[in-house]
Amino acid sequence: MKETVTAALYAPSADFVRRAHVKGLDEWRVLFERAQNDPEGFWGELADKELYWFEKWSKVLDWSNPPFAKWFAGAKTNISYNCLDRHLDGPRKNKAAIIWEGEPGDQRILTYQDLHRFVCRFANVLKSRGFKAGDRAVIYMPMIPEAAIAMLACARLGIVHSVVFAGFSSEALKARIQDLEAGLVITADGGWRRGKEVKLKLTADEALAECPTVRDVIVYRRTGSEIPMMDGRDYWWHELDDTVGDHCPAEALDSEHPLYVLYTSGTTGKPKGILHTTGGYLLQCTMTMKWVFDIREEDAYWCSADIGWVTGHSYIVYGPLSIGATSVMYEGAPDTPRFDRWWRIIEKYRINVFYTSPTAIRALIRQGDHWPNEHDLSSLRLLGSVGEPINPAAWEWYHRVIGKGRCPIVDTWWQTETGSIMIAPMPGAVPLKPGSGTLPLPGIAADIVDMRGQPVAADREGFLVIRQPWPSMLRTIWGDPGRFKEQYWTRYPGVYFTGDAARRDADGYFWILGRVDDVMNVSGHRLSTMEIESALVRHPKVAEAAVVGKPHEITGQAVCCFVTLKKGDHDIDSLAQELRQWVAHEIGGFARPEEIRFTDTLPKTRSGKIMRRLLREIVTSHSVTGDVTTLEDLGVITKLAAQQEEE
Ligand code: PRX
C-alpha cells in the first residue's frame, strides 16, 4: 500500500501535451463525463466519426438479453474495408501499412495499396476454394505479413478466423481445430526463431491426422524447406495466388458478425474460445490507438507481441491499420543474433511508439545497459507495457534507459476477453505512477468490489469488475454460452468479473494485483494450472499432479508442478526431464515447467480437492525446500490441511 501513497508522479512535458490527441486532465474529464452520462451517445458519435459503415445501426447498444450484448445492432460494416479500402483515396495510399523484418534480416514494406491487393487476392483464393461467411479458418503461422493478410482476407469475407500461436504444440492445435470444426487451416512450411526453423507444417500435419472437418490446408512458403504435401488437401499459397485476380469487394457484414475466436486458458483443463465480433471491437481498438498510443500520421509504431495473442490481433493488425498507422512487425527473438536486436530495430526504423511486456523488459535489463546504449533511440516518443503488472524497478529502467526520461509509459490493463485496452493513461493528460495502469478509459465502468459486490474503500484490495458493457467485450465462449455466463457474469449478476484483484488509491488510480483464480501469468501469457495438470496426468507414469505459479524474477511467475507417481521403479532425474518435455509436447514450449517436484501425497481437503493454496505457500515462502528431483514428503502438510478443515 505504501507505494501508492509515496509513488512519484510523472507528468507529461508541455511539448507532449501540446501535440497529444487528448490534452491535459480537463479534456480527459470532458470525455470521461460525457461517456459516463450518456454512454450510448458517446460511443455512437465515435462510431459515426471514426469508422466506415455500409449501413447505420438502429440502436447503439442492445443489452436486453444480458450478458449477450449487441453493439450497433443492425448496422453493416467490414473490418477489412475499414483497415484498407478507406485509406486508398488519400495520402495513405502509398504509406507503409506494414514494415516487416524477418529474423534472418530480410525486410518487406507493404504500402496500404499493396496490402489491399494482397488481401483481395487471398480473399479470392478463399472464395475460389468455396469458403464463405460463417466458415471457420485456423491460422497457424510465423510472424510474417501473410499472417495479417490471412486474417484480413477472412475478415473481408466474414470467415471466422482463429489464430493459434506458432509456439503451440500439435495437441493444442488439434484441440482448437476440433472445437471450431474448422474447414480450413492456413499455415507455412516454417518460420525462424533463434536461428532455427520452427517446422509448422510438420506440426500441423500431426494435428490434422485427427481433424476430419479440415477440407483444405493452404501453405505459405517461408523457409523453403522440404515438406510433405498431401494430394487433394494441401495447396501452396503461391500456386493458388496465380489463379486469381486483384478485385474482391468487402462483404457488408452485420456489426455483430463473428470476427474471430481466440483461445485462452481458464480455470478448467479446457481452453476457452473467446468470441469477438465486428463493429464494437473495431471501434474500441481504433479509439485506444488514439487515446492511449496517441498515434500521429507520421509515426512508426511497433508492438513486439506475437500475432497469436490478443495483443497481436488488436495492436499489430486491427487497431493500427484501422487508424492508418504504420505497424512494424518482427519475426524472431529479441536476442538473435545479439541482445540488441530490438534496439537495432528501433534505431533502424526510427520507431516512435513502442509497446512490449514487463517480462521482455526484465529479461533485457539483465543483459545490461550497454546494449540499448549502443543505439540511437531518440526517435521514441511513447512507451507501452502490457500483460502483467510492471514492477516499479522495471518501469524506472524502461523510462530512464530506453525512454531517456522523455517518454511517458502507458501501462495498459486489459484481457483477451476485453478485446482492447480498458485501464490506461491517456499520456498527454494523466500523470503516471510507476506500476499503476492509472485510470479507466472513458466509457469503461471499472470498479473494485468486495465479496458481496460492494465497492471497497480507497487502498483496500478487492475484485476488479466492469459494471457496464463496452464495445469490444467478448460476446460468448465458442460453443459454450453456459460457461460464458457462469465464468464472468454470475458472481455479481449483470457485472463482468475480470478474475483480477486490484486496489484503487486515494487519487482513484488502479493497481492490478494479479489473478484470483487458478490462472497463472507466465511471461505475460495466461496458463491454466488445470490445463497443465490434465497434461501431466495423461502421462502413463503420473498418478496425480498439482500445478502452481511460483514467483520468478524475469517471467513474473514460473510453472511449478507437484507430481505423485504410479507404483514402479522410476529414474527420477530423467523422469523430471521427460515430464517437462511432455508438457511442452501437450501444450507448447512456452508452458514447459520450470520445476517438477515429486511427492508421495498431495495435500487435499476431505472431499479430495487438492489444496493448491498450501502448495502456493510452499513455493512462495520456501517453507519446504528441496532439490527439484528429490522425493518430497508432503504427509505433514496433508495432515495439517486435514486438521485445519476440522477446526
Ligand atoms: O491478470 C491480468 C494480466 O493479464 C490478464 C489477461 O491476460 P490475457 O488475456 O492473456 O491478455 C494479456 C494481454 C492483454 C489480466 O487478467 N494483465 C494484463 N495487462 C496487465 C495485467 N496485469 C497488470 N497490469 C497490466 N497492464
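## Basis of the description

Because the model is predicted, local features need pLDDT of at least 70 and side-chain atom pairs count only at pLDDT 80 or more, while totals for chains, interfaces and linings use all residues. Residues are numbered from 1 along each chain as its sequence is written, and side-chain values use heavy atoms, with hydrogens and water left out.

## The seven-stranded sheet

Seven strands form an open sheet with mixed pairing, in the order S5-S4-S17-S16-S18-S19-S20; strands are DSSP runs (E, at least two residues) and helices likewise (H or I, at least four), numbered from the N terminus, and two strands pair if DSSP finds at least two bridges between them. Strand S5 (107-111) and strand S20 (409-412) each have a single partner strand, so one side of each edge is left without a neighbour in the sheet. On average, neighbouring strands of this sheet are turned by 20° against each other, direction ignored.

## Helices H11 and H12

Helix H12 (residues 310-322) lies across several strands, among them strand S4 (96-101) and strand S16 (300-303), and runs at about 160° to S16; axes are lines fitted to C-alpha atoms, for helices over the stretch in contact, and angles run from 0 to 180 degrees between N-to-C directions. Helix H11 (residues 279-291) packs against H12 at an angle of about 85°, with the axes 8 Å apart. H11 and H12 are therefore roughly perpendicular to each other, a term that covers angles of 65 to 115 degrees.

The contact (heavy atoms within 4.5 Å) includes Tyr281 and Leu282 of H11 and His313 and Tyr315 of H12.

Of the 16 residues around the ligand, Asp411, Thr412, Thr416, Asp500 and Arg526 come nearest, where a residue counts as near if one of its heavy atoms lies within 4 Å. A polar side-chain atom of Asp411 lies 2.8 Å from a nitrogen atom of the ligand, while an N or O atom in the side chain of Asp500 is 2.8 Å from a ligand oxygen atom.

Asp500 also has Arg515 in S25 as its bridge partner, and strand S24 (residues 496-504) pairs with S25 in the antiparallel sense over five bridges. These strands belong to an open antiparallel sheet of four strands in the order S21-S22-S24-S25, whose edge strands are S21 (446-449) and S25 (510-515).

Methods. Parallel < 35°, antiparallel > 145°, perpendicular 65-115°, else oblique. Polar contact = N/O pair within 3.5 Å; in protein donor to acceptor, adjacent residues only side chain to side chain.
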